[in-house]
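Here is a briefing on the structure shown below. Read it with the coordinates open.

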Amino acid sequence: MSQTNRFQEQSPASPEIVLRFPDLHPAFDKQAAVPEANRCLYCFDAPCMQACPTHIDVPKFIKKIASGNLMGSAKTILDANILGASCSRACPVQVLCEGACVMHRYNKQPIQIGRLQRYAMDALHASGAPLPFAPGEDSGASVALIGGGPASLSCAAELRRRGIRADIYDARPLPGGLNTYGIAEYKLTFEASLREIDMLAQLGVNFHFNTTIDAEKLEELEASHDAVFLGMGLGAIHRLGVAGEQMQGMTNALDFIAGYKSGSITAAPARVAVVGAGNTAIDAANAAVRLGATEVHMIYRRGPEQMSAFDFEYEHAKQEGVKFLFHVAPIGISGSEKVEGLELQKLEASADGSLVPLQGSNVRLPTDMIILAIGQSTHTDFLAAVEDRAEKVKLERGRIVIDRASGQTSNPKYFAGGDCTNGGREVVDAVADGKRAGVGIATWLEGENANA
Amino acid sequence: MPTLETTFAGIRCINPFWLASAPPTNCGEQIMRAFDAGWGGAVWKTIGEQVTNVSSRYSSIDWAGQRMMGFNNIELISDRPTETNLREIAEVKRRYPKHVVIASLMVESKRETWHDIVQRAEDAGADGLELNFGCPHGMSERGMGSAVGQVPEYCQQITSWVKEKARTPVIVKLTPNISDIRMPARAAKRAGADAVSAINTINSITGIDLNTLEPRPKVDGKSSHGGYCGPAVKPIALNMVQQVNSDFVDGNPLPMSGIGGIGTWQDAAEFILLGAGTVQVCTAAMHYGYRIVEDMNDGLLEWMRQKGYETIEDFRGLSLPNMREWKSLNLNYRVVAEIHADKCIGCQLCYTACWDGAHQCIHLDRADGGSQAVVTGIDPRYSHHDPNPHGKPTPAMRFAESVKTISTTPIPKLDLDGAGNDSSLTPLHRIPRVDADECVGCNLCSLVCPVEDCITMERVENGLPPQTWEERVAAGAGPIVVGH
């Protein structure tokens, strides 16, 4: 078992974290799953399937749950989405499959597609059965994949099913990228992400951990592989740009989330301020509450109407007890060695819509920790043109430009997908990108061989 | 105010709802509780020579999450001593004189034995007798039950023995396990029976345990064919009830107590509209208890009030004239499906059903000019086009297109047109369109549509006078050709 569970076994699985982050959407049991599956109308060319970036044939897998064919159901899911287990937990289903469900126009409650998908995937995992796919016959070709997140994992699975070797290079000690380190634990646990990658690894994917790829290393990989897939996601979270950002008590949402998920953070101080109002900011704020903070504030320059978090995430944060300070901007950090407070200035909208500071409105929010969640920078410097080096692939505002259908970049040997191409969307978008790129690479390699 | 009081074969009934001879009428204690709950009568669990039952006895078919769509039993007749049953009949009649108690009887096929049991049941105070010629399992292997009901001569012989002795009305219970149920019904009539009841249960194997390969219900690893009943059998029962009640070969049909899948007042009304004077219920009472009769009484009365019927007799048999042989149906009547776009939720079940299960005349082209298609009014039954004459995309082509589209998760506030964003309106391209010139009016789309009144079948004139197949053949005409 050690070989098949090699990643899962490395999960910290802290009992404290398990206790503090129970499932937001608990698993269905059979008595709940089967009647829910029977409620599905079995739409033709179903809107849920269309809405899913990976186009999982939702009615097909749901009917298999109803008939008791759980292995077939899981295979239907995996056929379209190799990370079907993570996506069933992490997807914002309200704006995807479940948002598109025709039941909104029928008896109003959409089919709980996410929970049904998890039910089928859990059944497969619990059965101990291997992944229902075998690697293809070795084609002799090999691809280097930069980054071990959902885009690369999905791309690698497509390649392996076609007999193409897949070498994944990741800077972290464990695979999965944000799927493992970045999703709120009450949605997708660290362990569940690793368990799924253990399954995927059965296809014969080669992982190279603790490996950062710079321009030089990239040249090596390009020379030693037939194609390169870029799936390294985004870079660090932006800084505020005010004095004191080095103080103890300053962190960012990604480090904070990765810290508690991987076991290095087990508690939050009493007062926490989160700057930003996107989905990641909310995940960090909710985590702070669950880790013991008694007063968690979110700081946002605009109002609730402009928040980039999904509405249901905003509602969830309010239920967790997070307080929101709208129309304020941080202008300074108080404290000596340790953060003691955040200096805020009120903003108001001017005639042209831009925000202008309201003079004399400064307030100080006492806090023990400041978590920044104001967007990530890109991580494509190693691809960009420098003095003696041409641009490796075409970039636009730091993002890699691709052909959406094939994932191919301006450099035919390079393909890309996920956050480094779209600026940061969902796991399922990265999986879909990786899948298309996997097919795209295989098709391109065939063409190259035909021309050779 | 309408009343449910009625008279059946001379028996006064406070309402037409009787419990059928079955486990719910096993003993007096049960029947008295049933009468308290509102049942008008009960046919006692069949009395005869004492039997030993097997364990287990019942099995069922679930459908789409609903339990007991169909129910099956291999239980025999009463396993209690006859004296006990008769003593309790007397007690029930003493305490509930206005309620109907019918003794269901089954004994070996000897004249004296039948005379004896008839005498004892009537002496106990039964209001009538039901002869169980229908039980399809166990007892039939011993020459009783459906072994009698399946042979009209035996049915006639035993009924006549009973009639020699009986002072109360005699009801013959018919088995559906026969090719023409009218034959035993005629035999019963010839023998002087006062009424019939139909149907008894249908021979069945409800299913097999896919782990152990044992059929159900399991008796020590084995099973035996049982009697099928419950909601699943109602259409079969209605057909047989109609057949018997429309049979005038030996004069007017006998009064009929309708049985088979009845669980609601609507079911009961349908049996009565096809001529039944009372109805008998078993499976629904076994599923939900005696309390279901409250709505049966209440609902039927309310429906009668709305329709203006004062008594059961006011509407009994009114649907019989509407059942004809196929050859007497109007060939020139035409309906066409109409999809009401304002109600459509976009599931496209009608589309796939029409393509795979009907006549390929529903298309997904409202957003591609289909809405402008001109209806010429030709009747496809007479124009006989090749399938899909306008070369519309097949479901497989539609599906292949759809999976090629690239969808992304909408970013809040930015992607207002995200696929999942506005679910309150059905997008035009998801609303199917009926090609009225190709629609044969089969009903399938309206049957699969989950939304009430979303697909209606609308009558259209084709300019042809009414004509049945019988009339067409008599006129010496071949198939009519209309249009081109």
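Among contacts in chain A between residues at least 6 apart in sequence, what share join residues at least 24 apart? The share is 72%. The model is predicted.

**Chain A overall**

- Chain A has 452 residues, and 50% of them are buried.
- Its secondary structure comes to 17 helices and 16 strands.
- The C-alpha trace of chain A spans about 70 × 65 × 50 Å along its principal axes.
- The radius of gyration of chain A is 23 Å, which agrees with a compact globule, because a globule with 452 residues would have a value near 22 Å.

**The open sheet of chain A**

- Five strands of chain A form an open sheet in the order β5-β13-β6-β7-β8, with parallel pairing.
- β5 (250–252) and β8 (323–325) of chain A are the edge strands, and each pairs on one side only.
- On average, neighbouring strands of this sheet are turned by 25° against each other, direction ignored.
- Three bridges link β5(A) and β13(A) (residues 369–372) in the parallel sense.
- Within this pairing, A:Met250 stands opposite A:Ile370 in β13(A).
- Helix α13 (residues 253–262) of chain A packs on the sheet and touches β5 and β13 of chain A. The direction of α13 makes about 85° with that of β5(A).
- Helix α14 (residues 279–290) of chain A also packs on the sheet. This helix touches β6 (271–275), β7 (295–299) and β13 of chain A. Its direction makes about 170° with that of β7(A).

**The barrel of chain B**

- Chain B holds a closed barrel of eight strands, running β3-β4-β7-β8-β9-β10-β13-β14, with parallel pairing.
- Strands β9 (residues 170–173) and β10 (residues 195–198) of chain B run parallel and are joined by three bridges.
- B:Val172 stands opposite B:Val196 in β10(B).

**Nonpolar cores**

- The largest nonpolar core has 164 residues.
- A:Ile65, A:Phe229, A:Val274 and A:Ala284 have the most contacts inside this core.
- Helix α17 (residues 427–451) of chain A gives the most to the core, with nine residues.
- Another core, of 95 residues, lies apart from the largest one. Among its residues are B:Ile77, B:Ile102, B:Cys229 and B:Trp265.
- Which residues does A:Phe229 touch, not counting those up to four places away in sequence? They are A:Val143, A:Leu145, A:Ile146, A:Ser152, A:Cys155, A:Phe415, A:Ala416, A:Ala437 and A:Ile441.

**Contact between the chains**

- The contact takes 33 residues from chain A and 33 residues from chain B.
- On the side of chain B that touches chain A, α12 (349–357) and α14 (395–404) of chain B each supply at least two residues.
- α14(B) gives the most to that side, with five residues.
- How do the residues of the side of chain B that touches chain A divide into nonpolar, polar and charged? There are 15 nonpolar, 15 polar and three charged.

Methods:
Residues are numbered from 1 along each chain as its sequence is written. Chains are lettered from A and ligands numbered from 1 in the order in which they are written. This is a predicted model: local features need pLDDT of at least 70, side-chain atom pairs count only at pLDDT 80 or more; totals for chains, interfaces and linings use all residues. A nonpolar core is a set of buried Ala, Val, Leu, Ile, Met, Phe, Trp, Tyr and Cys residues joined through C-beta atoms within 7 Å. A residue is buried if 20 or more other C-beta atoms lie within 10 Å of its own, exposed if 12 or fewer, and partly exposed in between; C-beta atoms are placed from the backbone. Helices (H or I, at least four residues) and strands (E, at least two) are DSSP runs, numbered from the N terminus. Two residues are in contact if their C-beta atoms, placed from the backbone, lie within 7 Å. Ala, Val, Leu, Ile, Met, Phe, Trp, Tyr, Cys and Pro count as nonpolar, Asp, Glu, Lys and Arg as charged, and the others, Gly among them, as polar. The radius of gyration is taken over C-alpha atoms; the globule rule is 2.2 Å times the number of residues to the power 0.38. Two strands pair if DSSP finds at least two bridges between them. Axes are lines fitted to C-alpha atoms, for helices over the stretch in contact, and angles run from 0 to 180 degrees between N-to-C directions.
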